[in-house]
Amino acid sequence: MPQNAPSGLWPSAIYSLIKTAKMQGLDPRKYLSAVLERIADHPINKIDALLPWNIDPQD
């Protein structure tokens with residue numbers, strides 16, 4: 001999220017990720033934990049690999 005984004009966008013984005021993870025049959029906490037562990041070293045041009053339908057939080 002851009003720093004100057006309206007304050008409601010950040011919570012909405014997190015809520016959307018949580019709901020999408022649930023819809024994919026993932027535990028939202030495990031999913032978000034897996035993303036946060038990987039995102040710092042993840043190439044920006046392959047960020048879609050961290051979306052709920054592309055990730056295995058067990059890896």
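**A surface patch**

Begin by selecting Leu 36, Ile 39, Ile 44 and Ile 47, which make a nonpolar surface patch of about 420 Å². Patches are made of residues with over 30% relative accessible area and no salt bridge, with like charges joined within 9 Å and nonpolar side chains (Val, Leu, Ile, Met, Phe, Trp, Tyr) joined within 5 Å; a salt bridge is a side-chain nitrogen of Lys or Arg within 4 Å of a carboxyl oxygen of Asp or Glu. Accessible areas come from the Shrake-Rupley method with a 1.4 Å probe, and for residues only the protein chains shown count as cover.

This is a predicted model, in which local features need pLDDT of at least 70 and side-chain atom pairs count only at pLDDT 80 or more, while totals for chains, interfaces and linings use all residues. Residues are numbered from 1 along each chain as its sequence is written, and side-chain values use heavy atoms, with hydrogens and water left out.

Next, colour by secondary structure: the chain has 2 helices and 0 strands, helices (H or I, at least four residues) and strands (E, at least two) being DSSP runs numbered from the N terminus. The axes of H1 (residues 9–23) and H2 come within 9 Å and cross at roughly 115°, with axes fitted to C-alpha atoms over the stretch in contact and angles running from 0 to 180 degrees between N-to-C directions. Leu 17, Ile 18, Ala 21 and Lys 22 of H1 make the contact with Pro 28, Tyr 31 and Leu 32 of H2 (heavy atoms within 4.5 Å).

**A buried residue**

Finally, select Ile 55 in the segment after H2, which counts as buried because its relative accessibility is 10%. Setting aside residues up to four places away in sequence, Ile 55 touches Leu 26, Tyr 31, Ala 34, Val 35, Arg 38, Ala 49 and Leu 50.

Conventions:
Buried means under 20% relative accessible area, exposed over 50%, partly exposed in between (1.4 Å probe, protein chains only).
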